[in-house]
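These are my notebook entries on one chain. I began with the sheet and went on to the cores, the salt bridges and the surface.

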Amino acid sequence: MSRLAARGLTLAYDDRVVVEELELAVPDGQVTVIVGPNACGKSTTLRALGRLLKPRGGAVLLDGVELARIPTKKIAQAIGLLPQSPVAPEAITVADLVARGRQPHQSWWQQWSEADEKAVSDAMERTDVASLAERSVDELSGGQRQRVWIAMALAQETDLLLLDEPTTFLDIAHQVEVLDLVRQLNHERGRTVVAVLHDLNQAARYADHLVAMKAGRVVAEGHPKEIVTAELVREVFGLEAVVVPDPVTGSPLVVPGTPWAAPGM
């Protein structure tokens, strides 16, 4: 089953076509990760799935209905999106920014509630930013800001969560924490997640469903153990590599080929 899908999706910026006739069905209740080389169209595809980019052709469907036909508020109640390099309003505090994730659930007759308060508090605790609640977002480091944005997306409490390079600016420990959190949300709360990641090994470790893209098209998709091979790495990334089992998880681990060394070394 798939609540979110792309059918014949073509995406472009002005006259430059980035994605062409893409077919994609996001498996419900799983973590889907999109990987591929720079400028292959993976982030552009994610933007279209979240209705930040209007298709040149084809459509994105939510529960079988084109996104273009669904009211914005209804989409925001179903799909949470963390884009690349989001910009916070000047001087806004962490707590206020995270609270903005609750806006789709409010109306003129139902303002802030205990449920909103709990959602915001829980999101900040899960992303380890509760101690920063009264700080201005402008004052934070890149890694701290990224965790605050993730908290806002979590506070939205949508069934579908789209994350565009959520580990940007984070050190390796916080990268693992964020991706562990994504898996926890998926397993414990049934969230369907679509994430764009640069790190193929992290993608293979955390994805239930991996989508490999190149030049605006899907080259392969499926469980990482089924599709991540040396041949796929060569075709998609142009990299000679050996693929071995991860000693911790058993997922595919891509080891690049012999590095350059000075003659005689």
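**Entry 1: the sheet**

I looked up an open sheet of four strands and found the order S2-S1-S4-S5, with antiparallel pairing. S2 and strand S5 (65-66) are at the edges with a single partner strand each, so one side of each has no neighbour in the sheet. The model is a predicted one, in which local features need pLDDT of at least 70 and side-chain atom pairs count only at pLDDT 80 or more, while totals for chains, interfaces and linings use all residues. Residues are numbered from 1 along each chain as its sequence is written, and side-chain values use heavy atoms, with hydrogens and water left out.

For my own record, helices (H or I, at least four residues) and strands (E, at least two) are DSSP runs numbered from the N terminus. Two strands pair if DSSP finds at least two bridges between them.

I then checked the pairs one by one. Strand S1 (residues 4-13) and strand S2 (residues 16-26) run antiparallel and are joined by seven bridges. Within this pair, Ala5 stands opposite Ala25 in S2. The hairpin of S1 and S2 has two residues between the strands, and Asp14 there takes a positive phi near 55°. S1 also pairs with strand S4 (residues 57-62), in the antiparallel sense, over five bridges. Here Leu4 stands opposite Leu62 in S4. As background, strands of a sheet pair through backbone hydrogen bonds, either parallel or antiparallel.

**Entry 2: helix H1**

I asked how many residues of helix H1 (residues 42-49) are buried. Seven of its eight residues are, so H1 is mostly covered, where buried means under 20% relative accessible area, exposed over 50%, and partly exposed in between (1.4 Å probe, protein chains only). The buried residues are Lys42, Ser43, Thr44, Thr45, Leu46, Ala48 and Leu49. After H1 comes Arg51, which has a positive phi near 60°.

**Entry 3: the nonpolar cores**

A nonpolar core here is a set of buried Ala, Val, Leu, Ile, Met, Phe, Trp, Tyr and Cys residues joined through side-chain atoms within 4.5 Å. Which members of the largest core touch the most others? Of its 52 residues, they are Val33, Val94, Leu97, Val98 and Leu210. Helix H5 (residues 142-155) gives the most to this core, with eight residues. I noted a second, separate core of 29 residues, which includes Ala6, Val60, Ile79 and Val194.

I listed contacts (heavy atoms within 4.5 Å) for two residues. Leaving aside neighbours within four places in sequence, Val33 is in contact with Ala195, Leu197, Ala203, Ala207, His209, Leu210 and Val211. Leu200 is in helix H7 (residues 200-206) and counts as buried at 14% relative accessibility. Not counting residues up to four places away in sequence, Leu200 touches Val35, Leu210, Val233, Phe237 and Val254. Leu200 and Val35 are 165 residues apart along the chain, and their C-alpha atoms are separated by 6.8 Å.

**Entry 4: salt bridges**

I counted a salt bridge when a side-chain nitrogen of Lys or Arg is within 4 Å of a carboxyl oxygen of Asp or Glu. The structure holds 14 of these salt bridges.

Arg217 forms one with Glu20, the closest N and O atoms being 3.7 Å apart. Arg217 lies in strand S10 (residues 217-222) and Glu20 in strand S2, so the pair ties together parts that are 197 residues apart in sequence. Arg217 is partly exposed at 42% relative accessible area, and Glu20 is partly exposed at 38%.

Arg102 forms a salt bridge with Asp116, with the closest N and O atoms 2.8 Å apart. Arg102 is in the loop between helix H3 (94-99) and helix H4 (114-126), and Asp116 is in helix H4, so parts 14 residues apart in sequence are tied together. Are Arg102 and Asp116 buried or exposed? Both are buried.

Glu240 bridges to Arg234, the closest N and O atoms being 2.9 Å apart. Glu240 is partly exposed at 48% relative accessible area, and Arg234 is partly exposed at 37%. I also found Asp122, Arg126, Glu188 and Arg189 joined into one network by salt bridges that share partners.
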